[in-house]
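Here are my notes on the model, as numbered points. Have the viewer open while you go through them.

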Amino acid sequence: MIYEVFRQEKKGQAFQHAGSVEAPDAAFADTWAREQYGRRGESAALWLVPRATIHEVTEWADEFDLKYRRVDGYSIKARLKEARERAGTTAAESG
Amino acid sequence: MDTKTQEFLAFVQEGGQVEAGDWLPDEYRAKLVKFIEMHANSELMGVLPEREWILKAPTLQRKLALTAKVQDEVGHAQLIYRVAEDLGKPRGEMFADLISGKAKFHNVFHYPTYTWGDVGVIAWLVDAAAIISQKALLKCSYAPYARIMKKICWEESFHILHGRDVILAMMTGTDEQRELVQEALNRWWGPLMQFHGNPIPRDEDPMYVWRIKSQGNEEARQQFLDGYAPQIWELGLTVPDPKLEKLADGTWVYSEPDWDELMSVVTGHGPRSQDRLAFRKQFLDQEKWVRDLVLAA
Amino acid sequence: MNARAQLLLSLADDELIVGWRDSEWTGIAPTLEEDVAFSSIAQNEIGHARALYELAAKELDTDADALAFDREPSEYRCAQLVELHLLDWAHTIARRYLYEEADRLRIEALMESDDAELAGLATKIDREEVYHRLHAELWAARLRDESRFRDAVEELWPYALGVVEPGLRAELATRVGLAEVTANERNGRSPEFDELWQTMTEVRRSAPGAQW
């Protein structure tokens with residue numbers, strides 16, 4: 001069985017995929033992964049997950065314009081310039 | 001080359017990376033698996049020249065350091081074999097091909113070790129040559145391989161320091177110890193110069209074309225000489241090549257390495273090729289019952 | 001040599017030699033994953049040996065490496081169990097399992113010792129040994145039904161008894177679940193040890209007093 005190994009470098013950080021080990025069960029995976037991914041004290045924690053239980057998502061529907069949900073969907077420069085000209089003000093100090 | 005493959009080639013040549021589940025051109029996949037497999041085999045076979053010195057280590061600290069270094073090599077083998085397995089080749093099949101000679105491993109691991117001088121030279125210079133190749137894989141177009149190279153390069157950094165420490169202890173020791181280092185260097189120089197492979201122009205090297213490697217063979221060798229010839233000379237050691245010299249334009253020139261020797265060695269005719277493969281086979285066979293018991297989950 | 005130094009040396013020699021034996025598996029363990037894990041166990045044992053030699057070195061006005069490598073074979077005090085050349089997995093796991101059980105008993109006693117320095121070190125060692133025990137138990141459970149493993153345990157049992165003082169042997173027998181038998185005592189080195197010692201000290205003897 002393949003166990004995917006996710007490691008947390010420091011407490012508070014996200015777990016990141018680090019590799020995989022072949023083991024018959026979680027107990028062996030634990031014994032082996034802790035040495036492969038932590039013998040130098042380089043990992044605060046590990047998650048060991050049987051590969052078969054991982055559900056991967058790689059396909060997305062991208063048919064319609066979704067820019068209204070994203071930062072790049074907004075362009076305020078031109079309108080801000082016009083508003084300042086109308087008010088007779090210059091750009092705010094903090095910009 | 002069909003359109004899809006051409007697009008793939010352009011993609012990787014622009015720095016694009018692919019994952020295990022992506023479509024890969026047949027030629028790319030075949031070359032990739034062969035390259036990765038040879039790397040994994042090399043890490044595994046590289047253990048054999050070094051493990052006997054773990055048992056002979058002359059201080060507790062050296063025993064610990066050398067055991068840890070060789071443990072790393074085994075760990076690297078595990079990481080690399082896993083990548084090849086996920087490309088579809090089972091580990092057992094790779095071991096069988098290694099033993100039968102169908103698959104290869106790097107030249108340096110076909111040579112004997114005779115003294116503690118070898119231990120120092122291997123950790124200092126052979127590992128250095130390997131690290132240069134490994135750094136050129138950090139941007140591999142095949143992302144799973146690039147990702148494990150990060151861990152491998154990080155771990156190798158302590159090997160070089162350990163190697164240098166072993167060498168410096170001998171170079172500041174007795175005359176006999178200094179002689180051990182020089183004698184080992186004399187034997188390892190030839191294989192080291194052959195290690196990075198013949199100077200095929202990188203645009204003719206499929207490994208570079210597909211961006212599996214990010215540098216050509218000669219680039220790697222020049223990098224090695226630039227980094228390590230000065231380190232060798234500053235210790236008062238001599239390099240057994242009177243032609244070795246850095247030109248004004250920064251290029252290193254040297255005696256032509258023996259490419260026939262390299263070909264002969266990597267095809268299994270090195271001084272220790274067969275008995276190391278036999279040793280590996282002996283233990284694979286002896287402990288097959290354990291794998292059958294433990295890996296049948 | 002006083003009793004404390006003798007005790008420290010027998011503990012250190014056990015850890016050094018079992019660590020040396022365990023390091024023989026480097027690169028050739030049954031799976032790559034196990035190879036890496038097993039190497040950590042060997043390194044831990046050498047580390048324990050080093051700490052124990054350092055305590056002994058203070059008593060004996062020498063250094064840890066001199067104690068580890070510069071004594072004659074007859075001066076070592078290890079138990080016969082650790083000297084045996086057992087380069088097959090069934091015997092290796094049998095030794096790991098039995099050694100950890102025996103070692104746990106004496107560590108428990110040392111942790112209660114009036115000797116604060118030794119008790120402190122025993123406590124540190126115990127914390128690392130937790131993982132050795134988990135590993136040994138995991139494998140022993142997995143190999144339980146294999147006759148070659150059970151035979152190996154039976155074969156090594158008298159040697160395991162010799163690791164601990166006579167007073168602890170009944171307890172060891174209870175924990176392992178085997179009837180107590182005559183122990184193979186720590187009373188002189190086996191021919192296997194001589195070969196081990198030759199290899200272990202070869203480089204060091206080539207240049208006595210040199211730095212490495």
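1. Burial first, since it comes up several times: a residue is buried if 20 or more other C-beta atoms lie within 10 Å of its own, exposed if 12 or fewer, and partly exposed in between, with C-beta atoms placed from the backbone. A:E59 has 6 other C-beta atoms within 10 Å, so this residue is exposed. A:E59 sits in the loop between β3 (45-50) and α2 (77-87) of chain A; helices (H or I, at least four residues) and strands (E, at least two) are DSSP runs, numbered from the N terminus. A:E59 and A:G73 are 14 residues apart along the chain, and 23 Å separates their C-alpha atoms.

2. Housekeeping: this is a predicted model, where local features need pLDDT of at least 70, side-chain atom pairs count only at pLDDT 80 or more, and totals for chains, interfaces and linings use all residues. Residues are numbered from 1 along each chain as its sequence is written, and chains are lettered from A and ligands numbered from 1 in the order in which they are written.

3. Two backbone spots to look at. Most residues other than glycine have a negative phi. B:R211 has a positive phi, near 55°, and lies in the loop between α8 (206-209) and α9 of chain B. B:R211 counts as buried because it has 20 C-beta neighbours inside 10 Å. Phi of C:D61 is also positive, near 55°. C:D61 is in the loop between α2 and α3 (64-69) of chain C, and counts as exposed because it has 6 C-beta neighbours inside 10 Å.

4. On to helix packing in chain B. Helix α5 (residues 116-135) and helix α9 (residues 217-234) of chain B pack at about 135°, with their axes 9 Å apart. Axes are lines fitted to C-alpha atoms, for helices over the stretch in contact, and angles run from 0 to 180 degrees between N-to-C directions. That makes α5(B) oblique to α9(B) (under 35 degrees is roughly parallel, over 145 roughly antiparallel, 65 to 115 roughly perpendicular, and the rest oblique).

5. Which residues of α5(B) and α9(B) meet? From α5(B) come B:L125, B:A128, B:A129, B:I132 and B:S133, and from α9(B) B:A220, B:Q223, B:F224, B:G227 and B:Y228; two residues are in contact if their C-beta atoms, placed from the backbone, lie within 7 Å. By class, this contact of α5(B) with α9(B) has seven nonpolar, three polar and no charged residues (Ala, Val, Leu, Ile, Met, Phe, Trp, Tyr, Cys and Pro count as nonpolar, Asp, Glu, Lys and Arg as charged, and the others, Gly among them, as polar).

6. Now the interfaces. The contact between chains B and C takes 34 residues from each of the two chains. α3(B) gives the most to the side of chain B that touches chain C, with 13 residues. That side has 18 nonpolar, nine polar and seven charged residues.

7. Between chains A and C, ten residues of chain A are in contact with eight residues of chain C. α1(A) contributes the largest share of the side of chain A that touches chain C, six residues. The residues of that side of chain A divide into five nonpolar, two polar and three charged.
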